[in-house]
Amino acid sequence: MPYKEVPIVLASWFKGDVMKIIETALQNGGEPNKSDAFTLNGQPGDLYDWTFKMVVDHGNTYLLRIINSIMNEEMFFMVAKHSLTVVGTDGAYVKPIKTSYIMITPGQTMDVLITADQPPCHYYMASRAYAGVVYDNTTTTAVVQYSGSYTPPSTPLFPNLPNYTNTNAVTAFTRRLKALATKDYPVNVPQRVDTQMYISISVNTRPCVKDSCDGPNGSMLAASLNNMSFVEPKIDVLQAYYNKIKQVYEPNFPNEPPYFFNFTSENLSNTLLTSEQGTKLKILEYNSSVEIVFQGTNVQNAAENHPIHLHGYSFYLVGYGFGNYNEKTDLMKFNLVDPPEVNTIGVPTNGWAAIRFRSDNPGYGLCIAIWIDIPAGAWTLF
């Protein structure tokens, strides 16, 4: 049993009003300003003169409940000179992973054990972003401070965090995540699939009056799933569904992109920039098994790691890779034995991720591609 549990909350800090920043971006059609700093338990760290301190007793083991509440960036996290052991993600046990660092996506949680087994001193825990198209390049810090009598250093020891663009570090860590898969904690991943979906994720544009917006060439940004930018209706979707109110939504969200191309090519045609707009839903049969392959694209050369979340569900991450998904070869590599059960994943930059779940929670789930794209249309409802 851990000696103590310590919540570690990673967050963004803006100098301005966050809601006004988002509203301004929506009005002008561009991206919101990136954050001015990251914080760790509400403090940006020694680089900003405000620091959270975690006091530990030598020899004790602590359970860190790490939460990434940052709006868009995937984050690396380390503690100088200390090993970390990941034992859970999103409330589900995983096979213990001993590692020097973790990579955690927006909205994701991880349970991590750390033992105070180093010489009494002060050590930095630190976190910084895995690079996207637009990202905050600051580093947030906190101090792990050993109790007792000793002479502290003038500066705590700093961890060797992976570089912002270290995709290999992201992949190496993610591939190690596997469900505990024991008799007490079984895996119930669907072996047979009733509904298959292949969903492309793109950052598109739509025309703006007199080319007056802040998007590329005066356009307005409009992200999409399967080339469909979601338009939020004035009447709640569930209200319309249960009360049979017509013309609020269309139940025909496509199972695949309207057209196929080399999604991850470095040179994509400008004809792919503009998405359709609509309020389209996918209707699922209760208790049916669902497989979704999310395909990242390089439209506008805006490829990045896309956080995906499904409200009201945990799901199994059964596969992922780089480039275009190939059903003939990639399907054979799916992990249907001990895939991690999560509720948030990151679709790799210019890559794909496959999930499976059972539709046993009536209501609707919200698939989020990128936080700035929720208002811009990168979501749909099941």
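Figure 1. The structure is a predicted model, in which local features need pLDDT of at least 70 and side-chain atom pairs count only at pLDDT 80 or more, while totals for chains, interfaces and linings use all residues. Residues are numbered from 1 along each chain as its sequence is written, and side-chain values use heavy atoms, with hydrogens and water left out. Gln-196 belongs to strand 12; helices (H or I, at least four residues) and strands (E, at least two) are DSSP runs numbered from the N terminus. Leaving aside residues up to four places away in sequence, Gln-196 touches Asn-255, Glu-291 and Glu-327, a contact being heavy atoms within 4.5 Å. The C-alpha atoms of Gln-196 and Glu-291 are 4.9 Å apart, although 95 residues separate the two in sequence. Their side chains are joined by a polar contact of 3.3 Å, that is, a pair of N or O atoms within 3.5 Å, of which, within protein, one must be able to donate a hydrogen and the other to accept it, with residues adjacent in sequence counted only if both atoms are side-chain atoms.

**Figure 2. Aromatic pairs involving Tyr-198 and Tyr-325.** The structure holds 18 aromatic pairs, counted where rings of Phe, Tyr and Trp (its six-membered ring) have centres within 6.5 Å, with planes under 30 degrees apart called stacked, over 60 edge-to-face and the rest tilted. One of them joins Tyr-198 and Phe-260, which are stacked at 5.8 Å centre to centre with 10° between the planes. Tyr-198 is in strand 12 (residues 195–206), whereas Phe-260 is in the loop between helix 3 (237–242) and strand 15 (276–278), so this pair ties together parts that are 62 residues apart in sequence. Tyr-198 is buried, at 12% relative accessible area. Tyr-325 and Trp-352 form an edge-to-face pair, because their planes stand at 65°, with ring centres 4.9 Å apart. This pair links the loop between strand 18 (315–322) and helix 4 (327–330), which holds Tyr-325, to strand 21 (residues 351–358), which holds Trp-352, across 27 residues. Tyr-325 counts as buried at 14% relative accessibility, and Trp-352 is likewise buried at 4%. These four residues belong to a cluster linked by ring pairs, which also includes Tyr-259, Phe-261, Phe-263 and Phe-334.

Figure 3. Seven bridges pair strand 10 (residues 122–130) with strand 11 (residues 139–146) in the antiparallel sense, and among the bridge partners are Tyr-123 and, in strand 11, Val-144.

**Figure 4. Helix 2, from the cap at Asn-166 to Thr-174.** Asn-166 caps the N-terminal end of helix 2, with a side-chain oxygen 3.3 Å from the backbone nitrogen of Asn-168. The buried residues of this helix are Ala-169, Val-170, Thr-171, Phe-173 and Thr-174. Thr-174, within helix 2 (residues 167–174), counts as buried because its relative accessibility is 18%. A polar atom of the Thr-174 side chain lies 2.8 Å from the backbone oxygen of Val-170. Thr-174 also touches Met-103 and Tyr-320, not counting residues up to four places away in sequence.

**Figure 5. The sheet of strands 2-1-4-9-6-7.** Six strands form this open sheet, and their pairing is mixed. Strand 2 (37–40) and strand 7 (92–99) are at the edges, each with a single partner strand, so one side of each lacks a neighbour in the sheet. Strand 4 (residues 61–68) and strand 9 (residues 109–115) run antiparallel and are joined by seven bridges, with Asp-111 of strand 9 as the bridge partner of Arg-65.

Technical notes: Buried means under 20% relative accessible area, exposed over 50%, partly exposed in between (1.4 Å probe, protein chains only). Two strands pair if DSSP finds at least two bridges between them.
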